[in-house]
Amino acid sequence: MPPILYFFALCNLVIGSGAFVLGGILQPVSTSLGISVAAAGQAMTAYALATAILAPTLIILTSKWPRKRTIQLALALFTGGCAVCALAPSLGVLLMGRMLMGAGAMFTATASALAVSMVPPALRGRALSITFLGMSVSYAVGIPIGAWLGFEYGWRVPIWLSAGTSLAALISVHWLVPGNMASAGTGFSGFRAAAAQPAVLRVWLRTLLYFVAIFSVFAYIGPVLQALNPLSSGELSMTLGVFGLAGVAGTLRDRKSVV
């Protein structure tokens, strides 16, 4: 497997951790901003909508760009969004930052397209599983640690940590991602052609259901767990880690099945 795939996995670890960590710390967010937990949960919705609308649009608009430049744009948007969230004095600013982060999630799709273009068809499933492994690990490591930091030291701390690690990934692209990397381009016409194929629509529907399930569970995971059984910050972190380990186990199993 190309070594660059493991760098993509690390970037997905950063993105997954930053995207979902708020789900575990909505209570301190709501207290800090003077809003309800339900209102704070809209930050998860803002990220989901941006990922579903802005990220694909940006991928199409940058289809003629060198892939290295597209990756840099994605990580720059995610880093900037994290910084806006960490500085947010109100819900409105927090939502704006989350939308920037969602736009930066175009990285995951871009990296996936590059992953399958760098290996023979028989190894594409394995290449994708490596690339997405970072996302699964974020549920087991990044989110639990972020939740613990958020309760112990303030909710802005894990967001700043996400901003810092994302910035480090952005800087690393300069040395680790070759400038001549290329994958099949796309466009609005190609999107319409793909949407006309029933097989493609079925895959899109399954993907939609997958992410609806993820956001439905993690949007209010912290408050729900606390309501069912009050937990300390350490206990909440460990509980979230169990959720994440299940995801990692599933990803590793899928990887073995395509070897």
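**View 1. Helix H4 (residues 42–61) supplies three residues, the largest share, of a nonpolar patch.** The patch itself is made of Leu49, Ile53, Leu54 and Met99, and together they put about 360 Å² of accessible area on the surface. For the record, patch members need over 30% relative accessible area and no salt bridge, with like charges joined within 9 Å and nonpolar side chains (Val, Leu, Ile, Met, Phe, Trp, Tyr) within 5 Å. A salt bridge here is a Lys or Arg side-chain nitrogen within 4 Å of a carboxyl oxygen of Asp or Glu. Areas are Shrake-Rupley with a 1.4 Å probe, and for residues only the protein chains shown count as cover.

Keep in mind that this is a predicted model: local features need pLDDT of at least 70, side-chain atom pairs count only at pLDDT 80 or more, and totals for chains, interfaces and linings use all residues. Residues are numbered from 1 along each chain as its sequence is written, and side-chain values use heavy atoms, with hydrogens and water left out.

**View 2. The whole protein has 13 helices and zero strands.** Helices (H or I, at least four residues) and strands (E, at least two) are DSSP runs, numbered from the N terminus. Of the 259 residues, 46% count as buried, where buried is under 20% relative accessible area, exposed is over 50%, and partly exposed lies in between (1.4 Å probe, protein chains only).

**View 3. Ala103 and Leu49 pair up across 54 residues of chain, with their C-alpha atoms 9.2 Å apart.** Leu49 sits in helix H4, while Ala103 belongs to helix H6 (residues 91–104). Ala103 is buried, at 5% relative accessibility.

**View 4. Met135 and Cys11 are 124 residues apart in sequence, yet 8.6 Å separates them C-alpha to C-alpha.** Met135 is part of helix H8 and counts as buried at 14% relative accessibility. Cys11 is buried too, with a relative accessible area of 2%.

**View 5. Looking for disulfides, a search of the whole structure comes up with zero.** Cys82 is in no disulfide, and its nearest cysteine sulfur, that of Cys85, is 6.5 Å away; the cut-off for a disulfide is a pair of cysteine sulfur atoms within 2.5 Å. Cys82 is buried, with a relative accessible area of 0%.

**View 6. The second largest pocket holds about 220 Å³ of space.** Of its 13 lining residues, Ser17, Gly142, Leu161, Ser162 and Thr165 are the closest to its centre. A pocket is an open set of points on a 1 Å grid over the protein atoms alone, with protein on both sides within 12 Å along at least five of seven lines, and lining residues have an atom within 4 Å of a point.

How values were computed
On a 1 Å grid over the protein atoms alone, a cavity is a set of points where a 1.4 Å probe fits but cannot get out, and a pocket is an open set with protein on both sides within 12 Å along at least five of seven lines; lining residues have an atom within 4 Å of a point. Grid points are joined across faces, edges and corners, and a volume is the space filled by probe spheres set on the points.
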